[in-house]
Amino acid sequence: MSSERDGARAASPEPAGDDRPPESPMRALARGTDQASVMSVELLAGIGTWMGIGWLADRWLGTDPWLMVIGALVGNAAGIYLIWLRSGRTPSAQPEGTPAGADRDAAAREARDG
């Protein structure tokens, strides 16, 4: 019985490429919310990590609070940079009909194939 199910799965291939149905508005909203959540966490993690490193350096060197403030600024810059990198990979940043990361994938194929 298991082999019959496997055969049925193999006989009906999944649509690929341009044959895919359009994405529903709720799915697009969920995808956008997911991207926004990841970007928020990256920003906060960058600030928290570098601020913590600055705090530890302040305690070690006795320079309260200057290295912690500098760490927070460095973390903020790093978090914004990560958001900028990620925003280039969102579907809204791609031309219509182009999957996210298509340019990167094409460049990788071209480099591999010579």
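Where is the place of V74? I looked V74 up and found its place in helix α3. The model I am reading is a predicted one.

**Entry 1: overall layout**

I began with the elements of the protein. I found four helices and zero strands. Read from the N terminus on, the order is α-α-α-α. I then looked at burial across the chain. Of the 114 residues in the protein, 11% are buried. The accessible surface comes to about 9,100 Å², and carbon and sulfur atoms hold 62% of that surface. I also checked how far apart in sequence the contacts reach. Among contacts with a separation of 6 or more, 49% join residues 24 or more positions apart.

**Entry 2: helix α2**

I went to α2 next, which runs over 25-61. I noted 37 residues in α2. From its first C-alpha to its last, α2 reaches 54 Å, close to the 54 Å expected at 1.5 Å a residue. Which residues of α2 are buried? I listed M39, E42, G46, G54 and D58. I then asked what covers these buried residues, and the cover includes α3.

**Entry 3: between α2 and α3**

I followed the chain past the end of α2. The helix is followed by G62, which has a positive phi, near 70°. I then came to P65, which sits in the loop between α2 and α3. Is the peptide bond from D64 to P65 cis or trans? I found it to be cis, with omega near -15°. For background, I noted that most peptide bonds are trans, and that most residues other than glycine have a negative phi.

**Entry 4: helix α3**

I moved on to α3, which runs over 66-87. I noted 22 residues in α3. The helix reaches 32 Å from its first C-alpha to its last, close to the 32 Å expected at 1.5 Å a residue. The buried residues of α3 are G71, A72, G75, G79 and R86. Why do I place them on the same side of α3? They cover an arc of only 100° around the axis, so they lie on the same side of the helix. I looked at the face turned away from that buried side as well. That face carries the exposed residues W66, L73 and W84. What covers the buried residues of α3 includes α2.

**Entry 5: G71**

G71 lies in helix α3. Its relative accessibility is 6%, which is why G71 counts as buried. Which residues is G71 in contact with, leaving aside its neighbours within four places in sequence? I found W50 and M51. I also looked up the C-alpha atoms of G71 and W50, and they are separated by 4.6 Å. Along the chain, G71 and W50 are 21 residues apart.

I then turned to R86, which is found in helix α3. Is R86 buried or exposed? R86 has a relative accessible area of 19%, and the cut-off for buried is under 20%, so R86 is buried. Not counting residues up to four places away in sequence, R86 touches Q35, V38, M39 and E42.

I looked for salt bridges, and the count comes to one. The side chains of E42 and R86 meet in this salt bridge, at 3.0 Å from N to O. E42 lies in helix α2 and R86 in helix α3, so the pair ties together parts that are 44 residues apart in sequence. I checked the burial of E42 too. E42 is buried, with a relative accessible area of 19%.

**Entry 6: the nonpolar patch**

I came back to V74 by way of the surface. Which residues make the nonpolar surface patch of about 350 Å²? I listed W50, I53, I70 and V74. The elements that give two or more residues to the nonpolar patch are α2 and α3. W50 is also one of the residues that G71 contacts. I ended with the accessibility of V74. The figure is 38% relative accessibility, so V74 counts as partly exposed.

Key. Residues numbered from 1 in each chain as written. Predicted model: local features only at pLDDT ≥ 70, side-chain atom pairs only at ≥ 80, totals over all residues. Heavy atoms only, no water. Patch = residues over 30% accessible without salt bridge, like charges linked within 9 Å, V, L, I, M, F, W, Y side chains within 5 Å. Areas by Shrake-Rupley, 256 points an atom, 1.4 Å probe, with all protein chains shown as cover. Salt bridge = Lys/Arg side-chain N within 4 Å of Asp/Glu carboxyl O. Buried < 20%, exposed > 50% of the residue type's maximum accessible area, 1.4 Å probe, protein only. Contact = heavy atoms within 4.5 Å. Expected span 1.5 Å × (residues − 1). Arc of directions from axis to C-beta.
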